[in-house]
Amino acid sequence: MSGGAGGLGAGFSYQKFVHFALEQTRLRSTLVPHPSQEKFKFIKPNEDNTVLNTLSFSTSKIRLLRSLTIEQKNSVQVLDFAAFSEPEYDFPIFCANAFSSPARSIVVLDLNPLYDTTEHKDYREKYYRNLMPLIHKYSELLPWGGKITSESLRFFSPIVIWTMFEPTEANHQALYSAFMDYYEVWLELMDGAVRETSEEKIDRNREAQHKYLTWRAEKDPGYPLLKKLIGESGAKDLVREFLFEGVGSLGTKSFLEYFPEYAQQDGTVNRKRSMAGKSFGTRPWDAHGRSQHIG
């Protein structure tokens with residue numbers, strides 16, 4: 001891949017991100033194929049120039065670790081990688097979403113909080129206070145990607161990388177470096193996580209994760225591309241039973257029960273990408289991870 005004026009060269013692939021994460025996880029725990037892997041490992045896109053790869057696993061502390069990559073030769077490259085804890089643990093959700101075309105790359109990389117870090121300061125202190133040097137390290141290499149609403153920020157942490165850049169080799173190397181650092185930190189949080197024994201707290205963790213999954217399944221920005229590649233039925237199954245597996249089993253609440261502000265008069269969900277809310281053109285957290293009036 002050229003390091004010059006953009007463009008996705010033949011050597012670029014998000015597969016190395018996935019391979020790194022799996023290798024590092026295997027050093028710490030035993031990866032067991034998740035039931036969803038068998039169902040979705042042979043998805044064939046209806047475009048000959050497209051390769052779609054899915055992998056999913058679990059471990060003693062990880063309920064679901066899964067990846068989806070989409071590769072279209074000299075065109076689009078997609079990474080959707082996430083890892084969710086078992087409900088007995090409350091450590092953050094690892095999330096890496098990247099969409100690259102020859103013109104630009106759009107990226108979200110984060111340790112998504114299970115609990116809102118503005119409302120739950122104890123959670124912010126527990127998991128993010130010591131991680132702020134991470135975002136300081138990458139804030140110039142991978143700068144804030146432009147205006148984003150408080151709606152979109154509700155599941156982001158103070159160390160989120162939300163960025164857009166020209167898809168050069170140097171920029172993708174910076175992203176790969178950030179991915180490696182963030183994933184190593186996440187694995188350390190996983191290692192240090194203590195199993196919860198209170199059924200009340202386990203139920204609370206389960207509902208918090210279900211709320212996150214419900215939001216993501218409804219709002220997945222990659223759905224139109226999936227629908228184009230594998231059809232509407234296939235895309236719905238992939239979103240609900242693979243990418244956000246657990247949305248149908250961890251809880252029973254619907255999207256509108258969690259987010260009633262999206263209800264239309266006829267009882268359906270308002271499909272607008274954004275509702276009312278302040279837009280943030282710069283990072284809405286200070287150097288200590290405290291929010292600057294998100295909401």
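Rings of Phe, Tyr and Trp count as an aromatic pair if their centres lie within 6.5 Å. This is a predicted model, and it holds 29 aromatic pairs.

Q: Why is the pair of phenylalanine 94 and tyrosine 183 called edge-to-face?
A: The ring centres are 4.9 Å apart, and the limit for a pair is 6.5 Å. The planes stand at 85° to each other; an angle over 60 degrees counts as edge-to-face, so the label applies.

Q: What makes this pair a link between parts apart in sequence?
A: Phenylalanine 94 belongs to strand β5 (residues 93-100) and tyrosine 183 to helix α6 (residues 169-192), so the pair ties together parts that are 89 residues apart in sequence. Phenylalanine 94 and tyrosine 183 are both buried. Both also belong to one aromatic cluster, whose members include Tyr14, Phe17, Phe20, Tyr176 and Trp186.

Q: How do you know that the span of helix α1 agrees with its number of residues?
A: Helix α1 (residues 15-26) has 12 residues, which at 1.5 Å a residue should span 16 Å; the end C-alpha atoms are 17 Å apart, so the two agree.

Q: Which elements do the buried residues of α1 pack against?
A: They pack against β2 (50-58), β3 (62-72), β4 (77-85) and α6. Among the buried residues of α1 are Phe17, Phe20, Ala21 and Gln24.

Notes:
Residues are numbered from 1 along each chain as its sequence is written. This is a predicted model: local features need pLDDT of at least 70, side-chain atom pairs count only at pLDDT 80 or more; totals for chains, interfaces and linings use all residues. Side-chain values use heavy atoms; hydrogens and water are left out. Rings of Phe, Tyr and Trp (its six-membered ring) pair if their centres lie within 6.5 Å; planes under 30 degrees apart count as stacked, over 60 as edge-to-face and the rest as tilted. Helices (H or I, at least four residues) and strands (E, at least two) are DSSP runs, numbered from the N terminus. Buried means under 20% relative accessible area, exposed over 50%, partly exposed in between (1.4 Å probe, protein chains only). The expected span of a helix is 1.5 Å times one less than its number of residues. Contact means heavy atoms within 4.5 Å.
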